[in-house]
Each structure stands twice: as C-alpha cells, then as structure tokens.
Amino acid sequence: MQYRVLGASSLRLSTIGFGTWAIGGSGWQYAWGPQDDHESIAAIRHALDCGINWIDTAAVYGKGHSEEVVGRAIRGLKDKPLIATKCGRHLVSDGTVYGCLKRDNIRCEAENSLRRLGIDVIDLYQIHWPIPEEDIEEAWEEIAKLVDEGKVRYAGVSNFSVRHIERINKIHPVISNQPPYSMLHRDIEIEIIPYCAAQNIGVIVYSPLAKGLLTGAFSPERVALLPEDDHRRNDMLFSEISISSISAMLAELRPIAERYNMTYAQFSIAWILNRHTITSAIVGARKPSQIEETSSAAEYEFTAHDMAEINQIIDRHINVLK
Ligand SMILES: NC(=O)c1ccc[n+]([C@@H]2O[C@H](COP(=O)([O-])OP(=O)(O)OC[C@H]3O[C@@H](n4cnc5c(N)ncnc54)[C@H](OP(=O)(O)O)[C@@H]3O)[C@@H](O)[C@H]2O)c1
C-alpha cells in the first residue's frame, strides 16, 4: 500500500480509502439494495489487513446505518483507522434526501455521527454537498467551532467548486475536497485538480469504479436483476447503450491491462493514482474479495507512453458517452 499526506494536514492516508455508501443498505433514496452487515464488517476488517488506513462514510448513508456498521467494525481495535464522515444531507420519512446546512443541524449531525461511530473525534468532517449554496458559510463556521472544541480534527468539503472553496477558505482552512473522478468522469482535471494542487488542498476522489461499471462486471442482464431499491437501476450510466460503450472502451484497454497483469478494477484505480496530485481514491466494496482485489491497485505505475495511449482511448469513448 502507498500513503500520501492529505493537503496541509498531518494525516497520512493510504492511497485507497474504504467507501461505505453501499453498505448503508436498503430503505432510502440512494440505496444499493439489501446488504449483510456481517459481510460489510468482514470487508472493512479485511481492508485494514490490506493496509487501508481510512474509511469514508456519511450520516446520510442508510440513514446512519453505514456509520453504525463502521462503528461496530472498528470497536475494540487497537489500531483504529482514520474516520472521515460527512454532514449536510437530510432524510425525510419516505427516505428522500435534501440539503440542510443550518448551524444547529450541523452540530446535531456531528454529535449523532460521533455516537454512531463510537469515537471521540472525527478525523475529517466534510460538508457533503454545497446545497443550499447560500448556507455554506454558516455550516463552515459551525464546523470550525467543532474543530476548536476538539470534536473534529480537520475540516473538508465534497462536491465543491473552486468558487465555493474560495468563499469558505477565508473563514477556516479547507483541508480537502472530495469530488467524483474516474475514467468516465474527468471534469476535475480542468479546474479542481490544478487549484487544489496549487493551494495544497487534498483531493480524495469518489466513485473510481463508476459504481462498479469499470470492473467490467456489468451487462444489461445484470442491471435488470438488480434489487428494486438499488438506485443504479435508474442511473443513465447503467443504460444498455452506456454499458455497451463502456464495454467497448474496456475491450480496447484490455491489451494494456494484460501487459501489467491487472484486472479492470485494478486498472481503473491505478489510472487515477498515477496522477500524484490525487491524495487517495475512495473505493466502495461490499465483501472482502472485492477490496482484496482493488487494494492492490496502488502498487502499479504506468509508463508515460502507456498513460498517453490509455488517455487517447478513454477520450475517444467518453466523447461517445457524452
Ligand atoms: N461525496 C459524495 O458525494 C460521494 C458520492 C459517491 C460516493 N462517495 C464515496 O466514495 C465511495 C466509493 O464510491 P462508490 O461506492 O460510488 O463506487 P465505486 O467505488 O466506484 O464502486 C463500488 C462498487 O463497485 C463494485 N465493486 C467493487 N469492487 C469490485 C470488484 N473487485 N469486482 C467487481 N465489482 C466490484 C461493488 O458494487 P456491486 O458489488 O454491488 O456491484 C462496489 O460497491 C462511496 O462508498 C462513498 O464513501 C462519496
């Protein structure tokens, strides 16, 4: 495993973080279908055995259930992983999600997260989305207070634009941003990555496997068999036409992956980590075998020539997907 320092913090993160969205389980708007908690805990423990030293979760995942499962997985461990969680997304009783960044809510969410996780301090506390936009300063001021009180070590954001970061950085330093990034979503290369590199703000990217699509394990038949409450059924990237374009891209990348003896999942993550301005990729897993495979991706390094060839192939296919 490789480790990189997160921006201006003292946190040294493994270049692969464990993502816990899917293990939140059923019963809300962005669920991934039913999930066995024992399997989730086994996956988290296996991730730690593989050298992963940090976990990303959020209060909203499974209405708090993801944080509870993380809390159970780390309880009693001598060497606890670093914990990053997020606030600012709320659920109404029917499981629908909306944004709320009012100070009282942020404080209440932080207290609930600490309790569910069974910890005294959150290593990295992030605003999940800049929604509603007009309240980002209010939420950030409250998070700065939580830092002063010792309940949070470092404050970060997620899905923030450069403009959003500039607005709040004056109030309290932004340690990290968490945007989406994968071979299918490369928008952050234009502005976010150069800006964060220049400002020494850590970049921890999410959905590096495009929710599983870049593992090559998806077909229209598999999508049709996903549980009713797996939100991927309604994601346009999981449509027949999109899967067919992604499969064509993966087929073209295959000879390069074979040269390095990599699976598609490892290849997709290695492609991200080849960019050293990215601190870590948050990889989701629902069982130990998945994280066993993906955690080794940090060990591969592409040559500059291969990277250029890979990017040409991706560019051609991404244009078709747009
Ligand atoms: N800040 C934000 O707004 C935000 C948004 C999204 C995600 N995140 C964070 O980033 C994390 C990762 O993103 P993600 O969960 O969206 O997706 P991801 O990491 O791109 O994909 C994870 C999914 O891929 C499948 N998978 C993983 N390893 C595999 C393997 N070796 N072989 C085959 N399939 C495999 C699993 O799904 P199946 O087995 O079910 O197919 C797994 O749940 C999240 O868990 C969360 O912590 C944050």
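## A barrel of strands

Let's start with the barrel: eight strands close up in the order 3-4-5-8-9-10-11-12, and their pairing is parallel. On average, neighbouring strands in this sheet are turned by 30° against each other, if you ignore direction. Keep in mind as you look around that this is a predicted model.

What holds paired strands to each other? Strands of a sheet pair through backbone hydrogen bonds, either parallel or antiparallel. For a close-up, pick strand 10 (residues 176–178) and strand 11 (residues 202–205), which run parallel and are joined by two bridges. If you find Asn177, its bridge partner in strand 11 is Val203.

Now slide along to helix 4, residues 136–148. Just after helix 4 comes Gly150, which takes a positive phi of about 85°.

Which residues of helix 4 are buried? They are Ile136, Ala139, Trp140, Glu142, Ile143, Ala144, Leu146 and Val147.

How many aromatic pairs does a search of the whole structure find? Eight. One of them is Trp21 with Trp32: the ring centres are 5.3 Å apart and the planes sit at 80°, so this pair counts as edge-to-face. Both residues lie in the loop between strand 3 (16–19) and helix 1 (37–49), so the pair ties together parts that are eleven residues apart in sequence. Trp32 is buried, with a relative accessible area of 10%.

Another edge-to-face pair is Tyr260 and Phe302, at 5.0 Å centre to centre and 80° between the planes. This one links distant parts of the chain, 42 residues apart: Tyr260 is in the loop between helix 8 (240–259) and helix 9 (264–273), while Phe302 is in the loop between helix 10 (288–295) and helix 11 (304–321). Tyr260 is buried because its relative accessible area, 18%, falls under the 20% cut-off. Phe302 is buried too, with 6%.

## A cluster, and a charge over a ring

Ring pairs also link up into a cluster made of Trp21, Trp28, Tyr30, Trp32 and Tyr61. Elsewhere, look for Arg222: its charged end sits over the ring of Phe218, 3.9 Å from the ring's centre.

Key:
Residues numbered from 1 in each chain as written. Predicted model: local features only at pLDDT ≥ 70, side-chain atom pairs only at ≥ 80, totals over all residues. Heavy atoms only, no water. Buried < 20%, exposed > 50% of the residue type's maximum accessible area, 1.4 Å probe, protein only. Helix = DSSP H or I, 4+ residues; strand = E, 2+ residues; numbered from the N terminus. Pairing = 2+ DSSP bridges. Axes fitted to C-alpha atoms, helices over the stretch in contact; angles between N-to-C directions. Phe/Tyr/Trp six-rings, centres within 6.5 Å; stacked < 30°, edge-to-face > 60°. Lys NZ or Arg CZ within 6 Å of the ring centre and 35° of its normal.
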